[in-house]
Amino acid sequence: MPKTWHRVKEASLTVCFGRPGGWEEKPASELQSTWRSPDGAYDLSVKRDRSYGSTPQAASAGQLAWYRDTAESSMAGIEVTTHKTRQNGRDALWLEIDYHWAQQSEPRKRLEVFVAGRAGYVYQLLVDTEATAQRLAEQSRLFATARASLRIDASTG
């Protein structure tokens, strides 16, 4: 990890991941840990869930169905590009999601990776930001670094 990054250990999610220094943690849930950049431009989240299934395909399909329910997610105009990839030595799915918030027109982009863990859980790592040229370049770097630092099914004891 870059020297300016810090390792986050979320025992309840059995996951470790990196995040840039100076980022602020948003209120966590039993399923998710989210961090926001100091300027509020980026969110980095890690989620561990099994409500949509135990494979990256099932979990991403369930998550996308939720995103497409604008009343629930506040997301609209969703367009998705899906890539097969590897994460933590396992088959995974990498999603590029273009969207905008309901009642707003400014484009946004969300990069996500889904990878299956133990006990039927699927881990989801995402980086979300406004879809401007400058933000997208930084988002790609943040996503790549966060993916490289992701450790699933981690004993953090």
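Q: Which residue forms a salt bridge with Arg-36?
A: This is a predicted model, so treat what follows as computed from it. Side chains of opposite charge can pair when their charged atoms come close. Here the closest N and O atoms are 2.7 Å apart, and the cut-off is 4 Å. The partner of Arg-36 is Asp-43.

Q: Is Arg-36 buried, partly exposed or exposed?
A: To count as buried a residue needs under 20% relative accessible area, and to count as exposed over 50%. Arg-36 comes in at 32%. That makes Arg-36 partly exposed.

Q: How far apart in sequence are the parts that the pair Lys-26 and Asp-43 ties together?
A: The two side chains meet in a salt bridge at 3.6 Å, N to O. Lys-26 sits in the loop between strand E3 (24-25) and strand E4 (32-36), while Asp-43 belongs to strand E5 (residues 43-49), so the parts tied together are apart in sequence by 17 residues.

Q: Of Lys-26 and Asp-43, which one counts as buried?
A: The line for buried is drawn at under 20% relative accessible area. Lys-26 has 28% relative accessibility, so it counts as partly exposed.

Q: Which residues are linked with Asp-43 in a network of salt bridges?
A: Asp-43 pairs with Arg-36. Asp-43 also meets the side chain of Lys-26. Put together, the residues networked with Asp-43 are Lys-26 and Arg-36.

Q: Which strands hold Arg-110 and Asp-128?
A: These two side chains meet in a salt bridge, 2.7 Å from N to O. The pair links distant parts of the chain, 18 residues apart. Both partners are buried. Arg-110 is in strand E8 (residues 108-116), and Asp-128 is in strand E9 (residues 122-130).

Q: What is the volume of the largest pocket?
A: Its lining is made up of 17 residues, and among those nearest the centre are Gln-32, Tyr-67 and Arg-110. E4, E5, helix H1 (56-68) and E9 each supply at least two residues of that lining. The volume of this pocket is about 280 Å³.

Q: How many charged residues are in the lining of the largest pocket?
A: Arg-110, one of the residues nearest the pocket centre, falls in the charged class. By class, the lining has six nonpolar and six polar residues, and the charged ones number five.

Note on methods. Residues numbered from 1 in each chain as written. Predicted model: local features only at pLDDT ≥ 70, side-chain atom pairs only at ≥ 80, totals over all residues. Heavy atoms only, no water. Helix = DSSP H or I, 4+ residues; strand = E, 2+ residues; numbered from the N terminus. Buried < 20%, exposed > 50% of the residue type's maximum accessible area, 1.4 Å probe, protein only. 1 Å grid on protein atoms, 1.4 Å probe; cavity = no way out; pocket = protein on both sides within 12 Å on 5 of 7 lines; lining within 4 Å. Points joined across faces, edges and corners; volume = space filled by probe spheres on them.
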